[in-house]
Amino acid sequence: MTDNSLQTNKRAIMGLSMGHFMVDLYASALIPLYPFLTSKLGIKLSTISLIIACGHLFSSMMQPLFGFIADKMRHRTFMVWGLVMGAVFIPLTVITNKTWLVALFLLLGMCGNALFHPQVTSLVNTFNFNNPNLSKYMGAFMGLGTIGYALGPVISSSLVEHFGVYSLSYVTILGVSTAIILYFQVPKIPSSTINKSKENFIKIMKEILNKKPYLSLIWIAVVKSGVSISFGTYAPFILKERGFTLSQIGIIISLFFILSGISMLTSSKIEKRIGAENIIKLSFWTILPLVLLFMFTIDKFPLLAVLIFILTGYFTFLSVSLTIVAAQNLMKEHKGVISGVMQGFSWGIGALSLAPLGYIAEAIGVDKILIVMALIAFFTGFFGISKDLKQVFKESV
């Protein structure tokens, strides 16, 4: 690579990471406010769980299709307008007093998230093609997005608690301003990278879903998504029952995801020492003992329990960036589609678990839900990595 191209790539990564930080900040802003919304609207836990699940499902399932379209585009339309939609509609979700408007605004805000992610994740690969530091850059990109996701809860809960729900509308200005900066910061997509193949979307998806390495990667991503969504959704209810304030809950959830972001920033270094397969096992095996410790200490030693819960965030996201890079390397011609599958489709399948989990939580208690998800993660560490995927990891060394 020439010095000019390296400089261009760095400028692109900076812009894409900045946008990722902001769009994920909006994506998580509602997490600590779910108990507030439930009380405000007078609805059941199962109802808010269903609304959240539908919002995640619709937007996430659209990501592979948006990625397919983005692969054939030179315009950065999805990148800009995805951020704008999140900035506008997520704050409106909290302001409205109608349940059906909450569902609509959440859907539109999450749709913006779906537009944004496949294109920008693909562009990280595009601007660093054949760069040996791709895993490092992807880790930085994913990590900063997760740190933005971490700050969303503390910002939203603090604003609502101290200034009221209408104060959230002010953060819309920040998101729209970032979208404008992003448009000028990120270079135009090189025409040589545009996918000109005539393969249709259905054929590509069939190819992905019929190959064991892809299925293994997707299952790993689905479990990770299910764990992170269920922890982010139900932990606030557990903490509220123990007397934590709205601001405290926001800070705790934020720290959980900050540790998640740090894990992705450090994952490439750990991968070089223990390998991709072992880092996935480490990520999934540690969740169950940490959740059990959290449940055993939450009543008698709440501070210790909170520290354990926050630490769980580090291991939950440890394998994310390396699985995305592995998927993109397996499907170089359709990076947007596979990025949409790994981030969107998988997230949507994971979010589906919220619909039944809401009813289960009402029947057996919210506390048990975290243990159920941790058990699924534990067994994924044993059986989730197929022989074909193990071979892919060996060949990439």
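This is a predicted model: local features need pLDDT of at least 70, side-chain atom pairs count only at pLDDT 80 or more; totals for chains, interfaces and linings use all residues.
**Notebook: a helical chain, inside and out**

Started with His-20. Setting aside neighbours within four places in sequence, I find His-20 in contact with Phe-116, His-117, Phe-141, Met-142 and Gly-145. His-20 sits in helix 1, which runs over residues 3–28. Is His-20 buried or exposed? His-20 is buried, because its relative accessible area is 1% and the cut-off for buried is under 20%.

Next, the whole chain. I counted helices and strands and got 18 helices and 0 strands. Of the 397 residues, 60% count as buried. I also looked at contacts between residues at least 6 apart in sequence, and 87% of these join residues at least 24 apart. The accessible surface comes to about 16400 Å², and carbon and sulfur atoms account for 67% of that.

Then helix 5, residues 99–126. How far does helix 5 reach from its first C-alpha to its last? I get 41 Å for its 28 residues, close to the 40 Å expected at 1.5 Å a residue. Helix 5 is mostly covered, with 22 of the 28 residues buried.

The largest nonpolar core holds 117 residues. Which of them touch the most other members? They are Ile-208, Phe-231 and Phe-294. Helix 9, residues 212–241, gives this core its largest share, 15 residues. Apart from this core I found another one, of 7 residues, including Phe-66, Phe-78, Ala-114 and Leu-115.

I went back to Ile-208 for its partners. Not counting residues up to four places away in sequence, Ile-208 touches Tyr-214, Leu-215 and Ile-218, among others.

Last, the outside. I picked up a nonpolar patch on the surface made of Trp-285, Leu-375, Phe-379, Phe-382 and Phe-383. Together these residues have about 530 Å² of accessible area. Which helix gives the largest share of the nonpolar patch? Helix 17, residues 366–383, supplies 4 residues. I checked Phe-382, which is found in helix 17. Phe-382 counts as partly exposed because its relative accessibility is 46%, and that class lies between the 20% and 50% cut-offs.

Definitions and conventions. Residues are numbered from 1 along each chain as its sequence is written. Side-chain values use heavy atoms; hydrogens and water are left out. A nonpolar core is a set of buried Ala, Val, Leu, Ile, Met, Phe, Trp, Tyr and Cys residues joined through side-chain atoms within 4.5 Å. Buried means under 20% relative accessible area, exposed over 50%, partly exposed in between (1.4 Å probe, protein chains only). Helices (H or I, at least four residues) and strands (E, at least two) are DSSP runs, numbered from the N terminus. Contact means heavy atoms within 4.5 Å. Patches are made of residues with over 30% relative accessible area and no salt bridge: like charges are joined within 9 Å, nonpolar side chains (Val, Leu, Ile, Met, Phe, Trp, Tyr) within 5 Å. Accessible areas come from the Shrake-Rupley method with a 1.4 Å probe; for residues, only the protein chains shown count as cover. A salt bridge is a side-chain nitrogen of Lys or Arg within 4 Å of a carboxyl oxygen of Asp or Glu. The expected span of a helix is 1.5 Å times one less than its number of residues.
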